[in-house]
Amino acid sequence: MTEEVKTINFNGTEYNVEDLSDKAKYFIAQLNDLQQQGSQTRARLDQIEVATRGFNDLLAQELEKPEEGEVV
């Protein structure tokens, strides 16, 4: 079985992760975490926007329905 060499491409240059300093590896980990957080935040914002539209539609339906006893 062959070992997979982990590399990153940064500013057009390919780097072997194992050859990098601990500080550089830490920065890579932080950047990866921030990308994940960004994706999660975008997904959460999508959920909030859909829920907001849903409640807006429900409110419109509620406000537009005739009151009890009202003749339409």
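Mentor: We'll take the fold, the surface, the charges and a few contacts.

Trainee: Fine. What am I looking at, and how is it numbered?
Mentor: This is a predicted model, where local features need pLDDT of at least 70, side-chain atom pairs count only at pLDDT 80 or more, and totals for chains, interfaces and linings use all residues. Residues are numbered from 1 along each chain as its sequence is written, and side-chain values use heavy atoms, with hydrogens and water left out.

Trainee: How many helices and strands are there?
Mentor: One helix and two strands. Helices are DSSP runs of H or I with at least four residues, strands runs of E with at least two, numbered from the N terminus. Along the sequence the order is β-β-α.

Trainee: Why is the chain described as more spread out than a compact globule?
Mentor: Its radius of gyration is 26 Å, well over the 11 Å that the globule rule gives for 72 residues, so the chain is more spread out than a compact globule. The radius is taken over C-alpha atoms, and the rule is 2.2 Å times the number of residues to the power 0.38. The C-alpha box is roughly 80 × 30 × 20 Å along the principal axes.

Trainee: What share of the residues is buried?
Mentor: 3% of the 72. Buried means under 20% relative accessible area, exposed over 50%, partly exposed in between (1.4 Å probe, protein chains only).

Trainee: Which residues form the salt bridge?
Mentor: Lys 65 and Glu 62, with their closest N and O atoms 3.4 Å apart. The cut-off is a Lys or Arg side-chain nitrogen within 4 Å of an Asp or Glu carboxyl oxygen. Lys 65 is partly exposed at 47%, and Glu 62 is partly exposed at 46%.

Trainee: And aromatics?
Mentor: There is one pair. The ring centres of Tyr 26 and Phe 27 are 6.1 Å apart and the planes meet at 55 degrees, so the pair is tilted. Pairing needs centres within 6.5 Å; under 30 degrees is stacked, over 60 edge-to-face, the rest tilted.

Trainee: Where does Glu 18 sit?
Mentor: In the loop between strand 2 (13–16) and helix 1 (22–64). Glu 18 is exposed, at 58%.

How values were computed:
Rings of Phe, Tyr and Trp (its six-membered ring) pair if their centres lie within 6.5 Å; planes under 30 degrees apart count as stacked, over 60 as edge-to-face and the rest as tilted.
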